[in-house]
Amino acid sequence: MVKTLVQKINSNVVNKPGAVVAIKHLKKSFGTKEVLSDISMSLYKGENLVVLGKSGQGKSVAIKCIVGLLTQDSGSLKVFDEEVKDLSEKEWKALRMKIGFLFQSAALYDSMTVEQNLEFPLTRVLKLKDKQEIRQRIEEVLEGVGLLDAIEKMPSDLSGGMRKRIGLARTLILKPEIMLYDEPTTGLDPITSREISELIMEMQKKYQTSSIIITHDMACAKITADRILVMNNGSFEAEGNYEQLESGSDELVRSFFK
Amino acid sequence: MVKLVPATWTTAFVAAGDQVVFMGAFFRNIFRSGFEWNEFLRQSYIIGYKSLSLVGITGFILGFVLTLQSEPTMREFGATSFVPSMVTISVIREIGPVIIALICAGKISSSIGAELGSMKVSEQIDAMEVSGANPVQYLVVTRILACIIMIPLLTLMADALAMMGGFAASNMNNHLTATLYFSKAFSALRFGDLIPAVAKTIFFGFAIGFVGCFKGYNSERGTESVGVAANSAVVSASLWIIVLDAIAVQLTSVFAYN
């Protein structure tokens, strides 16, 4: 039953046109441990794709392959129709400007203030020099995440939710076309989690991004997902929107909704 | 299948290969555009200025103790007047550079290892990389170059303070005047003594910065690895210093003193 479902998912999702990310038969192992056994998926322009799964199933590994932090063992991984394993260092740099990555821990540079954190990609990646323009862009994006008054603060002075917002702001300041969220609501209380999920939607509308959201938080999935893929043991086992999966009969999928 | 190379050898070769690749990345990034002057100055301040008291006190006590220890023996031979020049030459040629480098390995290499290790664990280095910025240029080049410049300066300061310490000890026991002490000290010292001594501290500085950066940058995930990175940075850097010193002494005795 599971095998049939996997085959159906693989054949359905990779053959449609307009994919900004297209993965076919991707495999990744660490030593003898196979983390991604054979995954195929696509992310379409303007879509919010939620990847659901228990911890340790390979969800984060998959998105780290997309952004080049990890290299796949075999299979095809195309971002904007470019096969990433063939990219040169220079081409990776250009591609990464189009991809935003929000880390689980937000990964703020803890020796810098919030302003310096946001200034870092502007001066290093976009090579902006005009102080006024830099300040204006920082204030604009901070206002977007509702934390303009935290501009002078150090990351250590921020709460978990605030760190996630600043992390999101730092990613969005480069106006990426694809956003990858690695468990954006993990470790947050339910109210802050909902606020972050709503912020993701708000930012998606504002910046017109296509997003992959890795999570096991069903509230986050309900708010953000256009489509959901369920991952188990390194491969996808189910696909559908929130309502379809909620009413489905698959035991594993149903266990997320309990 | 018969194993031609033992596993420990393979590990050692892989580790050596990783270090060569990392060194290549460092040298490639020195000359890239967009040198991080502000970070370089900040690191120079941390590595140089913040080590002044430790290095200064060590240098002073080094000269002081060396004088106190050698004077009784020299007195037996009626050679007390040679103590200032003997202490000066031994401190400047050998003891000063090595002791200061070992102390800096403990203070600076471990601190760099721990800092970059914790940045790796908290995904800050990954965040820099995926944003399209160059973490090697920002984190590694600045720290290694700051070490290369600051360690020789710290050693020169420690040498000067060791001479002061030597004078303090001589003055305490023999009521030697400053003029007499320093004229005796400098009378035996050649400019040629100073060049190889300073030259080797440049390599010590490189070893301290490089090992700290390499261990921190390549630390494993998990908080334990931060401690491991700091610890192995000190051990490896100390070993590098001893080996480099042995090579430097050989080269100096062949080229400088013949």
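Q: Why is A:Ala106 called buried in this predicted model?
A: The relative accessibility of A:Ala106 is 2%, and buried means under 20% relative accessible area, exposed over 50% and partly exposed in between, with a 1.4 Å probe and protein chains only, so A:Ala106 counts as buried. This residue sits in the loop between strand 6 (99-102) and helix 4 (114-124) of chain A, where helices (H or I, at least four residues) and strands (E, at least two) are DSSP runs, numbered from the N terminus. The phi of A:Ala106 is near 75°, a positive value in a residue other than glycine.

A note on the basis of these values: this is a predicted model, in which local features need pLDDT of at least 70, side-chain atom pairs count only at pLDDT 80 or more, and totals for chains, interfaces and linings use all residues. Residues are numbered from 1 along each chain as its sequence is written, chains are lettered from A and ligands numbered from 1 in the order in which they are written, and side-chain values use heavy atoms, with hydrogens and water left out.

Q: What makes A:His25 partly exposed?
A: A:His25 has 45% relative accessibility, and therefore counts as partly exposed. The residue belongs to strand 1 (residues 19-30) of chain A, and its phi is near 50°, a positive value in a residue other than glycine.

Q: Why is A:Asp81 called exposed?
A: The relative accessible area of A:Asp81 is 65%, and so the residue is exposed. A:Asp81 lies in the loop between strand 4 (74-79) and strand 5 (82-83) of chain A.

Q: Which residues form a negative surface patch together with A:Asp81?
A: A:Glu82, A:Asp86 and A:Glu91 form the patch with A:Asp81. Asp and Glu count as negative, Lys and Arg as positive, while His and the chain ends are not counted.

Q: How do you know that B:Thr201 is buried?
A: B:Thr201 has a relative accessible area of 1%, and therefore it is buried. B:Thr201 is part of helix 8 (residues 191-217) of chain B, and, leaving aside residues up to four places away in sequence, it touches B:Pro97, B:Ile151, B:Pro152 and B:Thr155, a contact being heavy atoms within 4.5 Å.

Q: How many helices and strands does chain B have?
A: Chain B has nine helices and zero strands. Of its 258 residues, 47% are buried, and its C-alpha atoms fill a box of roughly 70 × 50 × 35 Å, taken along the principal axes.

Conventions: Patches are made of residues with over 30% relative accessible area and no salt bridge: like charges are joined within 9 Å, nonpolar side chains (Val, Leu, Ile, Met, Phe, Trp, Tyr) within 5 Å. Accessible areas come from the Shrake-Rupley method with a 1.4 Å probe; for residues, only the protein chains shown count as cover. A salt bridge is a side-chain nitrogen of Lys or Arg within 4 Å of a carboxyl oxygen of Asp or Glu. The place of a charge is taken as NZ of Lys, CZ of Arg, CG of Asp or CD of Glu.
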